[in-house]
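Hi,

Here is the structure I promised to pass on. Have a look at it first, and then read my notes below.

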Amino acid sequence: MASLTDLVEAMPPGVTVSIWSGPMSGPPDFAYADETQYYACSTIKTALVLAAYRESDAGRLDLDQQVRVHDDFDSQIPGERFRMDRDDDEDPDPWRRLGDQVALRWLCLRSIVRSSNLATNLVLERVGTVAVADALGAAGTTRSTMTRGIEDAAAAAAGLTNTVTARDLAHLLRSIAKAEVASPATSEELLGFLAAQQFNDGIPAGLPAGTRVAHKTGSIPGVNHDGAIIYPRDGDPYVLVVCTTGAGSEDEASALIARVAAASWQDRVARV
């Protein structure tokens, strides 16, 4: 089976990949182009939900407060508003609740497990981009940002975007797992959300069946990421983040990420 080094060396022209693989503390066992900046896709939702829970830990936000579900939002550009497209969202559940009152905690859950765009914007409306920046900074990230909501076209046209690096996502996941940026109870709940992720064609598909994986995916056409905490039954957990562009269709990109996961597992076995 190919190692991570073998995979990187055999990467076809036109495919960009960044990898961070390593233990819960200390330097990575393998890192390749891990500070390359990418459009975040939905991976940034982990930082948003962490920010919401940090606000709750600080007593500034009630996660059980009821929020009216609506699909129109203020843009990050003052005076502009936008309406979301139901067809661009992979989670139908929040859309079925339009006009209803739901708990903010439930919206956080849907933002992760089914990557709901509508739930994400409803959470961001309550939390704000400053709190997300604070959460990212507390986790030790340096090149990751969330400066606008999903489908905020006016903000995107003005140059506001959401970015990540493989290194930053690794630091974010490690900080949650080690309860360094939120209370132990909060961290445990967030890990439960990540472990309940319903899109599992990337990292989990490359690992032995039954391996516990707490992860968050993100994709748009041509850009596909997955970042995970992997819990081997026979050893310590480790973090793997894979960011890609140009890897083909979503299925092809997921297959590439799964091959990286398989190689990371093989490298881990070789080190034991």
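To get your bearings, where in the chain is the place of Thr-211? Thr-211 sits in the loop between H9 and E10. Before going further, please keep in mind that this is a predicted model.

Back to that loop. Thr-211 has a relative accessible area of 16%, so it counts as buried. Its C-alpha atom is 6.4 Å from that of Tyr-231, although 20 residues separate Thr-211 and Tyr-231 along the chain. Asp-201 is also placed in the loop between helix H9 (184–195) and strand E10 (212–220), but Asp-201 is exposed, because its relative accessibility is 55%. Asp-201 belongs to a patch of negative charge on the surface, together with Glu-90, Glu-250, Asp-251 and Glu-252.

Asp-226, in strand E11 (residues 223–231), is 8.2 Å from Leu-240 in space and 14 residues from Leu-240 in sequence. Asp-226 counts as buried, since its relative accessibility is 1%. Ala-255, for its part, is found in helix H10 (residues 250–271) and is partly exposed at 33% relative accessibility.

Now the aromatics. How many aromatic pairs does a search of the whole structure find? The search turns up two. One thing to have in mind here: a pair of aromatic rings is described by how far apart the centres are and by the angle of the planes. For Tyr-53 and Phe-193 the centres are 6.0 Å apart and the planes stand at 85°, so this pair is edge-to-face. Tyr-53 is in helix H2 (residues 45–57) and Phe-193 in helix H9, so the pair links distant parts of the chain, 140 residues apart. Tyr-53 and Phe-193 are both buried.

On to the charges. There are 15 salt bridges in the structure, and I picked out a few.

- Glu-55 and Arg-60: their side chains form a salt bridge with an N to O distance of 2.8 Å. Glu-55 is buried, as its relative accessible area is 17%, whereas Arg-60 is exposed at 57% relative accessibility.
- Asp-71 and Arg-83: here the N to O distance of the salt bridge is 2.6 Å. The bridge links distant parts of the chain, 12 residues apart, with Asp-71 in the loop between strand E4 (66–68) and strand E5 (72–74) and Arg-83 in strand E6 (residues 81–83).
- Arg-110 lies in helix H4 (residues 104–113) and Asp-91 in the loop between E6 and helix H3 (93–96), so the pair ties together parts that are 19 residues apart in sequence. Arg-110 and Asp-91 are both buried. Shared partners join the salt bridges of Asp-91, Asp-93, Arg-96 and Arg-110 into one network.

Last, some backbone angles. Which residue has a positive phi of about 50° although it is not a glycine? That is Ala-33, which lies in the loop between strand E2 (30–32) and strand E3 (38–39). Ala-33 counts as partly exposed because its relative accessibility is 33%. Glu-151 is not a glycine either, and has a positive phi of about 70°. You will find Glu-151 in the loop between strand E8 (145–146) and helix H7 (153–157), partly exposed with a relative accessible area of 23%.

That is what I have for now.

Cheers

Methods
Residues numbered from 1 in each chain as written. Predicted model: local features only at pLDDT ≥ 70, side-chain atom pairs only at ≥ 80, totals over all residues. Heavy atoms only, no water. Patch = residues over 30% accessible without salt bridge, like charges linked within 9 Å, V, L, I, M, F, W, Y side chains within 5 Å. Areas by Shrake-Rupley, 256 points an atom, 1.4 Å probe, with all protein chains shown as cover. Salt bridge = Lys/Arg side-chain N within 4 Å of Asp/Glu carboxyl O. Lys, Arg positive; Asp, Glu negative; His and termini not counted. Charge placed at Lys NZ, Arg CZ, Asp CG, Glu CD. Helix = DSSP H or I, 4+ residues; strand = E, 2+ residues; numbered from the N terminus. Buried < 20%, exposed > 50% of the residue type's maximum accessible area, 1.4 Å probe, protein only. Phe/Tyr/Trp six-rings, centres within 6.5 Å; stacked < 30°, edge-to-face > 60°.
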